[in-house]
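Look over the structure first, then read the points below.

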Amino acid sequence: KSPYMSLLSDVWNLLIQCGPQPMFDPLIITASHFLTTVLTGPSHALLNNQDTLKQICEKIIIPNIQLRESDEELFESDAEEFIRKDIEGSDLETRRRAAHDLVKGLTKYFEQVITSIFTQYVSMVLNQQFTNEVELCRAKDACMYLVTAIAAKGTTAAYGATTTNSLVDILDFFKKHVIPELQSHADQRPILKAASLKFTATFRYQLTNQMSAE
């Protein structure tokens, strides 16, 4: 095995084995950036295997895009700061942002496979019955975050998403999962309201055009 492949294997194992504790955050973020660089560069073919791509999605990205207690605590203490960081993308040194960038890296060369993997995951999660409100919020928030990451290909501050992934039905997801959160009671699941507002803002151009055409 080449030294490069050994390094890639070490980084891969590190990303899978490290737990969710904040002490591992710098390591996870750096390792995720490295993997993103590989996926977007000439060596991306080293990872061109459906099982490998599925493992990256399921074992590395999904665990790291989930809201953690520290995120929820920040939202509760300063919702405005939480939303600002999320929408402006100023949360650069977080696991979540690193996982977001990894999704972007994956879709550069493997868009169809990655879209299929995440679409199936989102569908499975949103069809579950949750008895725990915290788990429900975390799961739905992660799904909105994932759909945004795979669907928005180019964004600007003025227009939100300017180009999108044609394999993702943005309007259908908006109607089924975003509108109900926006229409729910003002005090119900505020963190999901924030995620829903971000989704709406990101895809405002596409949603306006598609809803006007109906």
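In this predicted model, helix H6 has 32 residues, yet the C-alpha atoms at its ends are only 23 Å apart. A straight helix would reach 46 Å at 1.5 Å a residue. H6 has a kink of about 125°, centred on Phe110. Two packed helices are described by the angle between their axes and the distance between the axes. The points below take the helix pairs in turn.

- Helix H2, residues 25-40, packs with H6 at an angle of about 10°, and their axes are 9 Å apart.
- H2 and H6 are therefore roughly parallel to each other, since angles under 35 degrees count as roughly parallel.
- The crossing of H2 past H6 is left-handed.
- On the H2 side the contact includes Asp25, Ile28, Ile29, Ser32 and His33; on the H6 side it includes Arg95, Ala98, Asp101, Leu102 and Phe110.
- Sorted by class, the contact of H2 with H6 has 9 nonpolar, 5 polar and 4 charged residues.

**H6 and H7**

- The axes of H6, residues 95-126, and helix H7, residues 133-151, come within 8 Å and cross at roughly 130°.
- H6 and H7 are therefore oblique to each other.
- H6 passes H7 in a left-handed crossing.
- H6 contributes residues including Arg96, His100, Val103, Phe118, Tyr121 and Leu126 to this contact, while H7 contributes residues including Ala139, Lys140, Cys143, Tyr145, Val147 and Ile150.
- The residues of the contact of H6 with H7 comprise 14 nonpolar, 3 polar and 5 charged.

**H7 and H8**

- H7 packs with helix H8, residues 170-183, at an angle of about 150°, with the two axes 12 Å apart.
- That angle makes H7 roughly antiparallel to H8, because angles over 145 degrees count as roughly antiparallel.
- H7 and H8 also have a left-handed crossing.
- Lys140, Cys143, Met144, Val147 and Ala151 of H7 make the contact with Ile170, Phe173, His177, Val178 and Glu181 of H8.
- The contact of H7 with H8 divides into 7 nonpolar, 1 polar and 2 charged residues.
- Lys140, Cys143 and Val147 of H7 take part in the contact with H6 and also in the contact with H8.

Key
Residues are numbered from 1 along each chain as its sequence is written. This is a predicted model: local features need pLDDT of at least 70, side-chain atom pairs count only at pLDDT 80 or more; totals for chains, interfaces and linings use all residues. Side-chain values use heavy atoms; hydrogens and water are left out. Axes are lines fitted to C-alpha atoms, for helices over the stretch in contact, and angles run from 0 to 180 degrees between N-to-C directions. Helices (H or I, at least four residues) and strands (E, at least two) are DSSP runs, numbered from the N terminus. Angles under 35 degrees count as roughly parallel, over 145 as roughly antiparallel, 65 to 115 as roughly perpendicular and the rest as oblique. A crossing is left-handed if the near helix is turned anticlockwise from the far one by less than a right angle, and right-handed if clockwise. Contact means heavy atoms within 4.5 Å. Ala, Val, Leu, Ile, Met, Phe, Trp, Tyr, Cys and Pro count as nonpolar, Asp, Glu, Lys and Arg as charged, and the others, Gly among them, as polar. The expected span of a helix is 1.5 Å times one less than its number of residues. The bend at a residue is the angle between axes fitted to the seven residues ending there and the seven starting there.
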